[in-house]
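Below are some notes for a colleague who has the coordinates open. They are meant to be read alongside the display.

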Amino acid sequence: MKKVITYGTYDLFHEGHYKLLQRAKALGDYLIVGVTTEHFDEARGKVNVVDSIMDRIENVRKTGFADEIIVEDHDGQKIEDIQRYGVDIFTVGSDWIGTFDYLKQFCEVVYLERTPDISSTLERKNKFKIVNVGIVGTGRIAPRFISEAKYVSGINIACTYNPQNQSAQAFSNRHDIPNYSGEYEEFLEQVDAVYIASPNETHYDYARKALVNGKHVLCEKPAAFTKREAQGLYQYAMDNGLVLMEAVKTAYCPGFSQLVNMVQSGKIGKVCDVEACFTRLANDNSRERTDAAYGGAFLEFGSYTLLPVIKLLGTDYKDIHFDTIYDENGVDLYTKVYLSYDNAMALSKNGVAVKSEGQLVVAGTKGYVLAPSPWWLTRRFEVHFEDSSKVEVYEPVFQGDGFRYEISDFVSKINGIDKNGYKLTAEEAIAMAEVTEAYMKQKKR
Ligand code: C2G
């Protein structure tokens, strides 16, 4: 008797799962299905799992393909199970190609073609739907979105868009995405939501058109270059029950929320000064170093370094001032933004050709928070007091490159769970657009 084993979360059970189990069963005579526990999913960095383990097991059982169902709750269990049950074939979908090659020393490993299109939904007890997302722009960030989306339950990447049809096609083929288009309207028809990762100057138009066509939007920053444009986008989204989120990744990282909440609880007293720095030396021929209009340090890092300022000191700053070192080609190499508030102040430092200590320091009347580089992922932060022997260290959970938290919040919000409402409010995003507008106005041309 040939024994086959496969594992999965099987959240929001869909025909991709069904077909996988069907083909897994066909590989042998006896199929064992391992269903992950909540704890194991958390440990392996899968976020946004909606159904309980009882429901997920029940959905696998109902297919009739599983001869035995077990639970998977720890790393290394696959090897144990293969040995314990005398398994001949381990199988899983092609999204995991290569990952489980280490099992080849114990049994045969088969990667089955995953089902690319899972748009139609099965009957569900809850109102969660799989969100079909389209990617606008197929440049440097898009592949990172795809690899992190794999760890978010409830999302399916359905289509890509690039005005150059061939680029969209090549990208979709490379990443196993079922559809592509070079026509924006045609692309929008195929999705529920879009992730906009096109060049900075095109964000606003793509976001606006997507909203007008009834699509939810996750947009790379800056979504708009003026306060008025940002207000327009957020107002339209609100009036039409659509989700609009600006992809300031830091805002959605668990550690950053913890830092903000901790400061707001009064632990370091009243906040008087916020200083945030983000520098990364860019290649001489990169967009950041060559595009004088929309490249440069402020547009690259400003939304990150302004985020803790706006979150902790608010949107009501009294004065703002910029200092920039320009390249001969007019690109902003290093920009400092000084903001003053009533009884508080802030400094945001951004560099694409100047290297500095990338830290966040929040100074209060009772102590200060120090988040070392890379504070924008917020894997670690410390709270210091006058008594230097008393240091509190926080090491929050952080998985992958952090993109998954923002994607997870986007999907939840579309499904009506507003767990990210306070992470980056429309008011805060509009205030950031106002700063961007002020920067663009005084910028050397
Ligand atoms: N799958 C598929 N087509 C899809 C989606 C998923 O064929 N459109 C497959 C996956 O490749 C996997 C199975 O369905 O083999 C279960 O998928 P998930 O519930 O997403 O679980 P996953 O995170 O892939 O767990 O130990 C767990 C395993 O490592 C895989």
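1. The model is a predicted one. The domain assignment divides the protein into domain 1 (3-112), domain 2 (131-248) and domain 3 (254-397). The contact between domain 1 and domain 2 takes eleven residues from domain 1 and six residues from domain 2. Taken over C-alpha atoms, the centres of domain 1 and domain 2 are separated by 32 Å.

2. Annotated segment. The unreviewed UniProt entry carries the annotation "domain: GFO/IDH/MocA-like oxidoreductase" for residues 257-369.

3. The largest cavity has a volume of about 140 Å³. It is lined by 15 residues, and Pro222, Glu246, Ser303, Met432 and Thr436 are the closest to its centre. By class the lining of the largest cavity has ten nonpolar, three polar and two charged residues.

4. Where the cavity sits. Domain 2 and domain 3 both give residues to the lining of the largest cavity, so the cavity lies between them. Helix 13 and helix 15 (426-442) each supply at least two lining residues. Helix 13 gives the most, with five residues.

5. Second largest pocket. This pocket has a volume of about 880 Å³. Its lining counts 38 residues, with Arg140, Ile141, Arg144, Arg287 and Glu300 nearest the centre. The lining of the second largest pocket divides into 18 nonpolar, nine polar and eleven charged residues.

6. Elements around that pocket. At least three residues of the lining of the second largest pocket come from each of domain 2 and domain 3. Helix 8 (203-212), helix 12 (287-290), helix 13 (297-313) and helix 14 (403-414) each supply at least two residues of this lining. Helix 13 gives the most here, with four residues; helix 13 also gives the most to the lining of the largest cavity.

7. Helix 5. Which residues of helix 5 are buried? In helix 5 (residues 142-149) they are Ala142, Phe145, Ile146, Glu148 and Ala149. These buried residues pack against strand 6 (131-136), strand 7 (155-161), strand 9 (193-196) and strand 10 (216-219), and also against helix 6 (165-174) and helix 14.

8. Val243. This residue is found in the loop between helix 9 (227-239) and strand 11 (244-246). Its relative accessible area is 7%, so Val243 counts as buried under the 20% cut-off. Leaving out residues up to four places away in sequence, Val243 touches Leu211, His216, Val217, Phe410, Lys413 and Ile414.

9. Ser94. The loop between strand 4 (89-93) and strand 5 (108-112) holds Ser94. Is Ser94 buried or exposed? Ser94 counts as buried because its relative accessibility is 13%, and buried means under 20%. Not counting residues up to four places away in sequence, Ser94 touches Tyr111, Leu112, Glu113, Arg114 and Asp176.

Methods
Residues numbered from 1 in each chain as written. Predicted model: local features only at pLDDT ≥ 70, side-chain atom pairs only at ≥ 80, totals over all residues. Heavy atoms only, no water. 1 Å grid on protein atoms, 1.4 Å probe; cavity = no way out; pocket = protein on both sides within 12 Å on 5 of 7 lines; lining within 4 Å. Points joined across faces, edges and corners; volume = space filled by probe spheres on them. Nonpolar A, V, L, I, M, F, W, Y, C, P; charged D, E, K, R; others polar. Domains from an automatic or database assignment. Buried < 20%, exposed > 50% of the residue type's maximum accessible area, 1.4 Å probe, protein only. Contact = heavy atoms within 4.5 Å. UniProt positions renumbered as here; feature names shortened; annotations may be inferred.
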